[in-house]
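Student: Could we go through this structure together? I would like to begin with the strands and then turn to the ligand.

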Amino acid sequence: MKEIKGFSYHKLGRRFVCKYKDGAWEKGKLTRRANVVLNESACVLQYAQTCFEGLKAYRTEDGHVVCFRPDLNETRLADSCRRMRMPTLPEGMFLDAVKRVVLANEKHIPDAASGGSLYLRPYVFGTNAVIGVKPASEFQFRVFATPVGSYFHGGVSPLRIRISDFDRAAPHGTGHIKAGLNYAMSLYAITDAHEKGYDENLYLDAATRTYLEETGGANVIFITKDNTLVTPKSDSILPSITRRSLLYVAEHYLGMKTEERKIALSEIGEFTECGLCGTAAVISPVGTIDDHGREVHYAMDDFENTVIAKLYHTLLDIQHGKIEAPEGWIVKIK
Ligand code: PLP
Ligand code: COI
């Protein structure tokens, strides 16, 4: 498998599709059809009734194919479905679909040494026609796969991000689930950020615009002078599986202290390192946060000598089976 650069969609041979109608999910099957045909008034098209997940399958050095903590993606997808008034999946369907899609597209899983992986995108959406504002009664659950390299251009070269003037999620809104609408409303902000030379937006809490939340596609982590990993606590950010895993890795593998707490914007100059974490982002170092002209710099250029690099390598080694994972983190597909 040739090396995959960047994070983009490649149409592979097979994907999983399962329909929900008359109050029940059918069995589901693999299909070659990548296009979805929908009524013009489908709830997903008119009212954005959709949510998704993202996880990766890796080829380990000893030739197995594994994925990382898929049970947490399954639980989060169910949380998203409930909040979006969509039916949750029958027991076992999520993992079964993921495994079938990985195996059906196995030849596209990048080699362990290339740093690439097979990104899986499970999603649920309302398919039947509605015109008054109400949830659909028919749905599809689909999973497709695409081989990916690094999410940000430049791999591990430090990112330049800005404090956003736009908000991502309201208090009591949908920031804590993986609803497509959260991403739709970030498209203006991310395009504007790119046009102005930034890699991402760092959002603040919408109520007070005082505390850090997360970026459009990743949670944020900081390291303090005394080697503590600090990350924002908020009810309106996505509960990142990578962030939750890193907190464990920091404490139990690297002997670090960790804090999940509110982080004020005024504190960002006090940290020594910064990174963005997520399935797609893995851990991407942040070199600069620009708060309306007040630039805070983190010494991330010499990446291999950072604490974040230790977290990064430990996490990757766990994911690729090079060091022992905590019980249940690695699910063998083959
Ligand atoms: N925050 C947002 C908004 C995301 O889209 C993602 C990606 O899934 C994350 C955080 C990271 O979550 P995870 O580590 O579960 O992929
Ligand atoms: C992921 O990391 O899986 C995501 O969904 C982030 C997305 C912006 C690509």
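Tutor: Two strands pair if DSSP finds at least two bridges between them. Please note that the model is predicted.

Student: Then which residue is the bridge partner of L120 in β8?

Tutor: L120 has A145 as its bridge partner in β8. Strand β7, residues 117–126, pairs with β8 over 10 bridges in the antiparallel sense.

Student: And how many bridges join β1 to β8?

Tutor: Five bridges join them; β1 covers residues 15–21, and the two strands run antiparallel. Within this pairing, Q140 of β8 stands opposite K19.

Student: Why is β8 largely enclosed?

Tutor: Strand β8 spans residues 139–148, and nine of its 10 residues are buried, so the rest of the structure largely encloses it.

Student: Changing topic: what surrounds ligand 1?

Tutor: There are 17 residues around ligand 1, and the closest are Y183, E214, S240, T242 and T279. By class, the shell consists of five nonpolar, eight polar and four charged residues.

Student: Which elements each supply at least two residues of that shell?

Tutor: They are β11 (212–215), α6 (241–252) and β15 (273–278).

Student: What about polar side-chain atoms by the ligand's oxygen atoms, say from S240?

Tutor: A polar side-chain atom of S240 is 2.6 Å from an oxygen atom of ligand 1. For T242, a polar side-chain atom likewise lies 2.6 Å from an oxygen atom of the ligand. An N or O atom in the R76 side chain is 2.8 Å from an oxygen atom of ligand 1.

Student: And how much of the ligand's area does the protein bury?

Tutor: The protein buries 96% of the 380 Å² that ligand 1 exposes when taken alone.

Conventions: Residues are numbered from 1 along each chain as its sequence is written. Chains are lettered from A and ligands numbered from 1 in the order in which they are written. This is a predicted model: local features need pLDDT of at least 70, side-chain atom pairs count only at pLDDT 80 or more; totals for chains, interfaces and linings use all residues. Side-chain values use heavy atoms; hydrogens and water are left out. A residue is near a molecule or strand if one of its heavy atoms lies within 4 Å of it. A polar contact is a pair of N or O atoms within 3.5 Å; within protein, one must be able to donate a hydrogen and the other to accept it, and residues adjacent in sequence count only if both atoms are side-chain atoms. Accessible areas come from the Shrake-Rupley method with a 1.4 Å probe; for residues, only the protein chains shown count as cover. Helices (H or I, at least four residues) and strands (E, at least two) are DSSP runs, numbered from the N terminus. Ala, Val, Leu, Ile, Met, Phe, Trp, Tyr, Cys and Pro count as nonpolar, Asp, Glu, Lys and Arg as charged, and the others, Gly among them, as polar. Buried means under 20% relative accessible area, exposed over 50%, partly exposed in between (1.4 Å probe, protein chains only).
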